[in-house]
Amino acid sequence: MADNESSKKRKRAGRRNKSHTQKLKLSTERESTSPKAERINEEATEKPKASASASAKCLKSQGKLSNSSSFLDKMKAKLSGGHFRMINEKLYTCTGKEALEYFNDDPTLFDTYHTGYQEQMSHWPELPVDIIIKWLKEHSPSLVVADFGCGDARLAKNVKNKVFSFDLISNDPSVISCDMANTPLGSTSVDVAVFCLSLMGTNFPNYLNEAHRILKPRGWLLIAEVKSRFDSTTGGADPKTFTKAVCDLGFTSVSKDFSNKMFILFYFKKKEEQDSKKKDIEWPELKPCLYKRR
């Protein structure tokens, strides 16, 4: 009798557990199919998509910024290059005095010019100033040098010689600002006068006259100029005519170097005894060196 009662209790408990399990299952199924659950599932699915979309937009935006920055850099370079060419043409077509006034009115133009000049020189396989530096190192360090149109004074910084560096504007304590036709040096006070790509003004013969004045007898005159300025087939000066004019000023021609494709080098020495009578010198016109757009 007791066994039958116990068996009945177990059966009733089993039925209650089964009923409770079925209710839980039904509740879970309802929740999973409810609109709220569907929204949660959709949001969970859409989150990775939204994240990927945001990343793509961010990368695209960065790409646009990079392209925009690159475009602005190119535009700035073009504007800077155009400004340099304008100043360069001005210097070749005015006198040294006018160029001095031009830069004194706005000294920032001098920096603009030399930045553009350095960019142009970066394309040359060899620089004439380096050849002149080498030449000076092969001679006595006691030689006193005058560097006409020194730019960044690279010559003075690379030799042991005493160097007087001249240019239109001075951003360096070692550079003397002046019109190169009228330097503050005394007569017959230097051993070497250098013009490295600096015979730019329409009155360039005045610069050479000044070099003649300050040079000692038998002093050296070194001139480096863009080769096209001495190409008579394209409107440049005849090198022989130029050499004769310099010799008529009171120099003897020692040598010329045409080996470089970019520039020509002239080496002169001041005559020990000067003619008492001044000659009327026929100076050739040196055509402007105008740089092309790159």
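# Burial, strand pairing, pocket and core

Biologist: In which helix is Ala 211 found?

Modeller: This is a predicted model, in which local features need pLDDT of at least 70 and side-chain atom pairs count only at pLDDT 80 or more, while totals for chains, interfaces and linings use all residues. Residues are numbered from 1 along each chain as its sequence is written, and side-chain values use heavy atoms, with hydrogens and water left out. Helices (DSSP runs of H or I, at least four residues) and strands (DSSP runs of E, at least two) are numbered from the N terminus. On that numbering, Ala 211 is placed in helix 7.

Biologist: Does Ala 211 count as buried or exposed?

Modeller: Buried means under 20% relative accessible area, exposed over 50%, and partly exposed in between (1.4 Å probe, protein chains only). The relative accessibility of Ala 211 is 0%, so the residue counts as buried.

Biologist: How many of the 11 residues in helix 7 are buried?

Modeller: Helix 7 spans residues 204–214 and is mostly covered. Among its buried residues are Phe 204, Tyr 207, Leu 208 and Ile 214, and Glu 210 and His 212 are also buried.

Biologist: What separates the C-alpha atoms of Ala 211 and Val 190?

Modeller: Along the chain, Ala 211 and Val 190 are 21 residues apart. Between their C-alpha atoms the separation is 9.1 Å.

Biologist: Which residue in strand 2 is the bridge partner of Asp 147?

Modeller: From strand 1 (residues 145–148), Val 145 and Asp 147 point one way, Ala 146 and Phe 148 point the other way, and all are buried. Two strands pair if DSSP finds at least two bridges between them; strand 1 and strand 2 (residues 163–167) have four, in the parallel sense. In strand 2, Asp 147 has as its partner Ser 165.

Biologist: Which residue in strand 4 is the bridge partner of Val 145?

Modeller: Strand 1 also pairs with strand 4 (residues 190–196), in the parallel sense and over four bridges. In strand 4, the partner of Val 145 is Val 192.

Biologist: Which residues touch the most other members of the largest nonpolar core?

Modeller: A nonpolar core is a set of buried Ala, Val, Leu, Ile, Met, Phe, Trp, Tyr and Cys residues joined through side-chain atoms within 4.5 Å. The largest one has 41 residues. Within it, the residues that touch the most other members are Ile 132 and Val 192.

Biologist: Why does this core lie between domain 1 and domain 2?

Modeller: Helix 5 gives the largest share of the core, six residues. Domain bounds come from an automatic or database domain assignment. The core lies between the domains because residues are given to it by both domain 1 (73–121) and domain 2 (126–270).

Biologist: What is the volume of the largest pocket?

Modeller: On a 1 Å grid over the protein atoms alone, a pocket is an open set of points with protein on both sides within 12 Å along at least five of seven lines, and lining residues have an atom within 4 Å of a point. Grid points are joined across faces, edges and corners, and a volume is the space filled by probe spheres set on the points. For the largest pocket, this volume is about 530 Å³.

Biologist: Which helix gives the largest share of the lining of the largest pocket?

Modeller: The largest pocket is lined by 34 residues, and His 114, Tyr 117, Gly 149, Gly 151 and Cys 196 lie nearest its centre. At least three lining residues come from each of domain 1 and domain 2. The largest share, six residues, is given by helix 4.

Biologist: What is the phi of Thr 188?

Modeller: Thr 188 lies in the loop between strand 3 (175–177) and strand 4. Its relative accessible area is 41%, so Thr 188 is partly exposed. Although Thr 188 is not a glycine, its phi is positive, at about 45°.

Biologist: Where is Arg 218 placed?

Modeller: Arg 218 is a residue other than glycine with a positive phi, near 70°. Its relative accessibility is 48%, so Arg 218 counts as partly exposed. Its place is in strand 5.

Biologist: Which residue in strand 7 stands opposite Leu 222?

Modeller: Strand 7 is mostly covered, with eight of its eight residues buried. Strand 6 (residues 251–257) and strand 7 (residues 263–270) pair in the antiparallel sense over six bridges, and a hairpin joins the two through five residues. Strand 5 also pairs with strand 7 in the antiparallel sense, over seven bridges. In strand 7, the residue opposite Leu 222 is Tyr 267.

Note on methods:
1 Å grid on protein atoms, 1.4 Å probe; cavity = no way out; pocket = protein on both sides within 12 Å on 5 of 7 lines; lining within 4 Å.
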